[in-house]
Amino acid sequence: MKLAIVGGGGASMALLAALSRDRIAPFDITLFEACAIAGPGRAYLADSDSALLNVTALRMSLYSDMPGDFWAWLMATRALGAATSAIKPADYLPRRLFGDYLRHVLADLASRTRQSGRRFDLHHSAVTGAAQTAAGVTLTTADGQSHHGFEKVVLCVGVGGATALPALADRPNYVEDPYPLRTRLSSLDPDAAVVVMGSGLTAVDVVLFLLHNGHKAGITLVSRNGLLPSVRTTAPPPALRYLSQSALRRQLAADPALTLDRLFALFAAELAAVGLSLEDVCADTAPGADFQSRLRRQLAEAERGGALWQPILIKAMHESVERIWHAMPRGDRRRFLDHWHSRFISLLSPIPQQTARRLLAAADAGQLRVVRCHPGASPGADFRIPLVEGACTAEVVINTMRPAQAPVPDRAAALVDSLVQGGLARLHPFGGVEIDPASNRLVTAGGQPDPHLFALGQLTSGTHYYTSSMLKISQQADVVAHQLFAAVSSGTPLHPIS
């Protein structure tokens, strides 16, 4: 069977890992990746060591049920040289190390696939079009070539770019995309006042890099809610009573419509079972609160193992987010995206305590502040940004804003346009393309899952909602891999890995 994988980042590596876990996949594989280096993708490129993984080393893996695989690789390869013996499983390590791990997985699978007599080709060009013929799916690439006869195609095209700021598009001292940090930000004047549009994880990366690089002037984060990500606690999650898969299955059997109000009630009951209140959690994300006081309080609570709501929320979302999202009426999903998404993500994607300490030190020194702007507000050509209270100006503007409705990445726009125009896909109103939630198959213009085309990662976020976690991507990769194996003729042997 001829299999094409479009994109060479984390999602495609998760799929390759799922395909190669305990057998040599009976596929001739062609991996399309426009960048010179396949494996790390945008998220795990070689970059400054200030850019840290957001979970501990022991919890990072390409395998959804083998959380220690990255750690085992680190220890086996001594990836940090002499410093390897000093790191601990609970450490938050540079993201570039996970990128090295992804490159290892790719090289290992490619080698073993070729040794088994199968083909593994890496084509360094963007896929710009797709069409179905009697001979299979044909893909066209930016270098003018056509690649014919694919029986299955999986789209792993990565994440979209920042929310556009048209007034600044051609201005010097405007940074549209801060990654790689060491390339895009190293040359900034350390005495220049910086405004970062956004206050999420990417904005935190920017601040850490600037501080690490000796930036002296003020750094202002501007966002609609003025919320930094919460601080990660070490508290273990209790057993879920209302938002576990089994509990939700019983709840939805009685009433399949999970309204937003009903979801909040279930979360409130989950919190109440351990003596917490939903009002306290919501208050922690209230726009307008002093960010410095909130950060100090969250850090102190996290350091003493408090903030029990956080592991409850994270466990519930990792275990049940698909069932929850698919059970919500479309109007409630839209209401959640419009009014709760950014606040929810600030809770769901917490920062390490060491990161919080660095941010707090910069805030206490008067170098860092976080302020609110009105919805839709953006810098003018003079780099002046209207705020809820007053305005601020900058000498450098760095854009880290991401829309709640995830866009199709620019590099995949031509391909997705081709699929939509050919009736092989349709756009999802909440972002990306529409897929069948049970199989990750693209839904055609006629409303049917296509038997040949699949998607993974942010392109599926309209259907799956939470696609930024490596764990969730790996789980979906397992779903796709299972179907690819099932599609192989029963007479085709699956060669065990030696």
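Reader: What makes Arg-171 count as lying over the face of Phe-383?

Author: This is a predicted model, and the distance is computed from its atoms. Arg-171 is at 4.8 Å from the ring centre of Phe-383. The cut-off is within 6 Å, together with a direction within 35 degrees of the ring normal.

Reader: Where does the charged end of Arg-330 sit?

Author: The charged end of Arg-330 sits over the ring of Phe-430, 5.8 Å from its centre.

Reader: Why is the pair of Phe-70 and Phe-98 called edge-to-face?

Author: A pair of aromatic rings is described by the distance of the centres and the angle of the planes. The centres of Phe-70 and Phe-98 are 5.2 Å apart, and rings pair if their centres lie within 6.5 Å. Their planes stand at 75°, and an angle over 60 counts as edge-to-face. The pair is therefore edge-to-face. The structure holds 15 aromatic pairs.

Reader: How do you know that this pair links distant parts of the chain?

Author: Phe-70 belongs to helix 2 (residues 69-77) and Phe-98 to helix 3 (residues 95-115). The two residues are 28 residues apart. Both Phe-70 and Phe-98 are buried. Ring pairs also join Phe-70 and Phe-98 with Tyr-44, Trp-73 and Tyr-101 in a cluster.

Reader: What makes the bond between Tyr-179 and Pro-180 a cis peptide bond?

Author: Omega is about -10° for the bond that joins Tyr-179 and Pro-180, and the bond is cis. Most peptide bonds are trans. Pro-180 is found in the loop between strand 8 (174-175) and helix 4 (181-184).

Reader: Which value is noted for Ala-307, and why is Ala-307 called buried?

Author: Ala-307 has a positive phi of about 55° and is not a glycine. Most residues other than glycine have a negative phi. The relative accessible area of Ala-307 is 8%. Buried means under 20%, so Ala-307 is buried. Its place is the loop between helix 9 (291-303) and helix 10 (309-327).

Reader: How do you know whether Asn-440 is buried or exposed?

Author: The relative accessible area of Asn-440 is 0%. That value is under 20%, so Asn-440 is buried. Phi of Asn-440 is near 65°, which is positive, and the residue is not a glycine. Asn-440 lies in the loop between helix 14 (413-421) and strand 15 (441-443).

Reader: Why is strand 1 described as largely enclosed?

Author: Strand 1 (residues 2-6) has 5 residues, and 4 of them are buried, so the rest of the structure largely encloses it.

Reader: How do you know that strand 1 pairs with strand 2 and strand 7?

Author: Two strands pair if at least two bridges are found between them. Strand 1 and strand 2 (residues 28-32) have 5 bridges in the parallel sense. Lys-2 stands opposite Asp-28 in strand 2. Strand 1 is joined to strand 7 (residues 152-155) by 4 bridges, and these strands run parallel. In strand 7, Ala-4 has Val-153 as its bridge partner, and Ile-5 has Val-154.

Reader: What makes strand 3 and strand 15 the edges of their sheet?

Author: The open sheet has 6 strands in the order 3-2-1-7-16-15, with mixed pairing. Strand 3 (120-123) and strand 15 each have a single partner strand, so one side of each is left without a neighbour in the sheet. The twist averages 30° from one strand to the next. Helix 1 (residues 10-20) lies across strand 1, strand 2, strand 3 and strand 7, and runs at about 150° to strand 1.

Reader: Why are strand 8 and strand 11 placed at the edges of the sheet of 5 strands?

Author: This open sheet has the order 8-14-9-10-11 and parallel pairing. Strand 8 and strand 11 (368-372) each have a single partner strand, so one side of each is without a neighbour in the sheet. Helix 5 (residues 201-212) packs on the sheet and touches strand 9, strand 10, strand 11 and strand 14 (396-399). Its direction makes about 175° with that of strand 10.

Key:
Residues are numbered from 1 along each chain as its sequence is written. This is a predicted model: local features need pLDDT of at least 70, side-chain atom pairs count only at pLDDT 80 or more; totals for chains, interfaces and linings use all residues. Side-chain values use heavy atoms; hydrogens and water are left out. Rings of Phe, Tyr and Trp (its six-membered ring) pair if their centres lie within 6.5 Å; planes under 30 degrees apart count as stacked, over 60 as edge-to-face and the rest as tilted. Buried means under 20% relative accessible area, exposed over 50%, partly exposed in between (1.4 Å probe, protein chains only). Contact means heavy atoms within 4.5 Å. Axes are lines fitted to C-alpha atoms, for helices over the stretch in contact, and angles run from 0 to 180 degrees between N-to-C directions.
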